[in-house]
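Me: I'm new to this one and would like a friendly walk through it. Could you show it to me first?

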Amino acid sequence: MNLKNLTIKKIQKMFEGNELTSVELTEFYLGRIANYNGRLNAIIEINPDALDIAFKMDQERKNGKVRSPLHGIPFVIKANIDTGDKMRTSAGAIALKDNYAEKDAHIVKLLRKAGAVLLGKANLSEFANFISFNLPNGFSAVGGQTKNPYGDYDTGGSSSGSGVAVAADFCTFAIGTETSGSILSPASSNSCVGLKPTTGSISRTGIIPISHSQDTAGPITRTVEDAYLVFKEVVGYDKKDVKTIIAKDYNLKRKEKKSFKNKKFGYHKTIINYLSESQKIVWEESIKMLEANGAEVIPFEYEDMNRISNINTLLYEFKYGINNYLKDKKLEVKSLTDVIKFNQRNRKAIPYGQSILLKANSTSGYLKEKEYLESLLDDRKYSREEGIDKKMKELDLDAIISPANFGAMVPAKAGYPSITVPAGYTDEGPFGFTFSHKAGRETEIISLAELFEKMHDVRKLPELK
């Protein structure tokens, strides 16, 4: 039986028709991991209870209980997300390698409630790419270097293992996290769909933080529909995360788009200067497809991007966030300062240095500095009302578009949603096409992305031998 490249709905049909069990599917993915993870390094740890959880889901189904569309579906979760089980939450850092969480992160709790089978933890760019300016995408001291299943290409980061695991058929879907591009980048680089939701639509409780202003979790999948099905299960209010107040009455109803006719899309034209020649070709082909199907595509310029082209807010919020995360943990390290000292004593823990940690640690950790407050307010103003909001209103746009993760910064700082879809293949590897919108408009860009996927169906499977 060929179990490669299955979608959630296809799996559920096979479950219902007694063609497949959750145990058999979990065994298939474990076999794939056994055969290929040695060279891809996408999985940092396997859940020893995975097969037992799958068996339990099969028994529930036999007894007439199906919890959700994710019932019995195996998934992996990024290794910076707490699981209150036998697995560790290390963020790829040796200083945190024995971090056993007492409770599930809120998103894990919801996925378990939905009946999904937690298969393991995915490798990542260490500390979600917030340890060193020299760190390669997909490298962590605990997990090693993640490799792209499509060839000798960048994996993207920081949810590198999550993207590779989905592309290589190690799971049906994965959960990544994004502060700025960390879902969009690995999804694009591994020919997957990546949904970066509105900040606050999904709880961040139990996720090792970078920035409370920008952090969010989100799904990486093989199809847009799968991203939607996962997203529906993890949206929700969490009293421990005040930002999730927006998720109490979230719009999850999706309207199918049948045409791009009369749709208007805009893109920040300066971004194109950063593309290689082969990436420009894929981008231009995607634009031509939209225009051939009735859309209008408008290049524009964001003003005052120099006001927000920095990571100041992240540097200040990281120290505050990581100190709060570590303070109660049963670990040797209780603060960012402790992590830095640990790394200095154990130089193998930082083969690429810890320049970002040092820079973040130079802040007070109390979020009171003038530079922080001005950067926070600038980020909000120039990404929202003077950025995306302004351009969408001025040009009457249905969405902002961008190549792969090259436009990730502005919606990330705004806390607005984006979704990337496979668009083609370049000399630098797989390449995606991204739709962004204002807060709470996930279903709008999901519908646009799904239509793009149908009209521009280019995704190929990696050839693993």
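Me: How many disulfides does a search of the whole structure find?
Reply: A disulfide is a pair of cysteine sulfur atoms within 2.5 Å. This is a predicted model, where local features need pLDDT of at least 70 and side-chain atom pairs count only at pLDDT 80 or more, while totals for chains, interfaces and linings use all residues. Searching the whole structure gives a disulfide count of 0.

Me: Which cysteine sulfur is nearest to that of Cys-171, and how far away is it?
Reply: Cys-171 is in no disulfide. Residues are numbered from 1 along each chain as its sequence is written, and side-chain values use heavy atoms, with hydrogens and water left out. The nearest cysteine sulfur belongs to Cys-192, at 8.8 Å.

Me: Is Cys-192 buried or exposed?
Reply: Buried means under 20% relative accessible area, exposed means over 50%, and partly exposed is in between (1.4 Å probe, protein chains only). Cys-192 has 0% relative accessibility, so it counts as buried.

Me: Which backbone oxygen does the side chain of Arg-222 reach at 2.7 Å?
Reply: Arg-222 sits in the loop between β8 (216-221) and α8; helices (H or I, at least four residues) and strands (E, at least two) are DSSP runs, numbered from the N terminus. With 3% relative accessibility, Arg-222 is buried. A polar atom of its side chain also lies 3.1 Å from the backbone oxygen of Cys-171. The oxygen reached at 2.7 Å is that of Val-166.

Me: In which helix is Val-224 found, and what does Val-224 touch?
Reply: Val-224 is found in helix α8, and its relative accessible area of 0% makes it buried. Contact means heavy atoms within 4.5 Å. Not counting residues up to four places away in sequence, Val-224 touches Val-193, Ile-419, Val-421, Ile-446, Ala-449, Glu-450 and Glu-453.

Me: How far apart in space are Val-224 and Pro-74?
Reply: Along the sequence, Val-224 and Pro-74 are 150 residues apart. In space, C-alpha to C-alpha, the distance between Val-224 and Pro-74 is 18 Å.

Me: Where is Tyr-237, and is Tyr-237 buried or partly exposed?
Reply: Tyr-237 has its place in the loop between α8 (224-234) and β9 (264-268). Its relative accessible area is 37%, so Tyr-237 is partly exposed.

Technical notes:
A polar contact is a pair of N or O atoms within 3.5 Å; within protein, one must be able to donate a hydrogen and the other to accept it, and residues adjacent in sequence count only if both atoms are side-chain atoms.
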